[in-house]
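Dear colleague,

My notes on it follow directly after.

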Amino acid sequence: MKFNQPAYPTVYFSENIWITCPKCTEPALVNSQPRKYSIPFPLNHQSKCTCGYCGFHQSGNDQWAGHLQGFVNQSCGHCGTKVCHSTEPTKKPYPNTKVTCETCQQTREYEIAWYRYISNKPTDPYFGFDLWLQTDVKDNVLWLYNLEHLTYLRDYVSSKLREDNSRHKYSMITNLPQWVKSSKNRDLIVKKLNKLEEEFIKRID
Ligand SMILES: [Zn+2]
Ligand SMILES: [Zn+2]
């Protein structure tokens, strides 16, 4: 099986994040809207955490202290190929950026979607609650924001053919630690992810 999905940064998956409810420890959902073109971000931004079990609720748009990362995922205005680009992490968002299409080499301005992130913390980037989707792999912790994120990672880990040439330095896969990329751990990680997914689906059913 070949892995050839777009090079999403981790923040791409941050619209809906499952966290451990701080009140009852069941999975609760952190949702952030609007996901795209919210400039200036995060001033326009509404995040809320809702627990379907105990009713815990928190909302706010200014409780975040991490960085922003911009992401372009649109069709090239010239040839129609998918253009994927991540900006440098920043604290100050801007509306557009120039991207050169890898297929036709045309440089155009594209609108940026901004995402919040805090690097390497298994918490959500809005309220700082613990992520629900976490699992130990040997001495490491593997964490995911949601099932789409889990599926994406699992597809990558389980694929034997991985295309590395179209990736940029902020893509989620570029930033995966070596123990996740190592084929030695492939079966273990896939097993752990399957188990985590199964447990999660049981909990939210
Ligand atoms: Zn709860
Ligand atoms: Zn093009």
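**Zinc site and helix packing**

Four cysteines donate to the zinc ion (ligand 1) through their SG atoms, namely Cys21, Cys24, Cys51 and Cys54, which lie 2.3 Å from the ion. Please bear in mind that this is a predicted model. The site of the zinc ion (ligand 1) is tetrahedral, with angles of 105 to 113 degrees among its 4 donor atoms. Along the sequence, the donor residues follow the spacing C-x2-C-x26-C-x2-C. Cysteine 24 sits in the loop between strand E2 (16–20) and strand E3 (27–33), while cysteine 54 sits in the loop between strand E4 (46–50) and strand E5 (57–60), so this pair ties together parts that are 30 residues apart in sequence. Cysteine 24 is partly exposed, at 24% relative accessibility, and cysteine 54 is likewise partly exposed, with a relative accessible area of 31%.

Helix H1 (residues 147–158) and helix H3 (residues 186–204) have axes that come within 10 Å and cross at roughly 160 degrees. Because angles over 145 degrees count as roughly antiparallel, H1 is roughly antiparallel to H3. The crossing of H1 past H3 is left-handed. On the H1 side, the contacts involve Leu147, Leu150, Leu153, Arg154, Val157 and Ser158. On the H3 side, the residues they meet include Ile189, Val190, Leu193, Leu196, Phe200 and Ile201, and also Arg186, Asn194 and Glu197.

With kind regards

Definitions and conventions: Residues are numbered from 1 along each chain as its sequence is written. Chains are lettered from A and ligands numbered from 1 in the order in which they are written. This is a predicted model: local features need pLDDT of at least 70, side-chain atom pairs count only at pLDDT 80 or more; totals for chains, interfaces and linings use all residues. Side-chain values use heavy atoms; hydrogens and water are left out. Donors are N, O and S atoms within 2.8 Å of the metal (3.2 Å for Na, K and Ca); water is not among the atoms, so sites may look incomplete. Four donors count as tetrahedral if all angles lie between 85 and 135 degrees; four count as square planar and six as octahedral if opposite donors are over 155 degrees apart and all others between 65 and 115; anything else is irregular. Helices (H or I, at least four residues) and strands (E, at least two) are DSSP runs, numbered from the N terminus. Buried means under 20% relative accessible area, exposed over 50%, partly exposed in between (1.4 Å probe, protein chains only). Axes are lines fitted to C-alpha atoms, for helices over the stretch in contact, and angles run from 0 to 180 degrees between N-to-C directions. Angles under 35 degrees count as roughly parallel, over 145 as roughly antiparallel, 65 to 115 as roughly perpendicular and the rest as oblique. A crossing is left-handed if the near helix is turned anticlockwise from the far one by less than a right angle, and right-handed if clockwise. Contact means heavy atoms within 4.5 Å.
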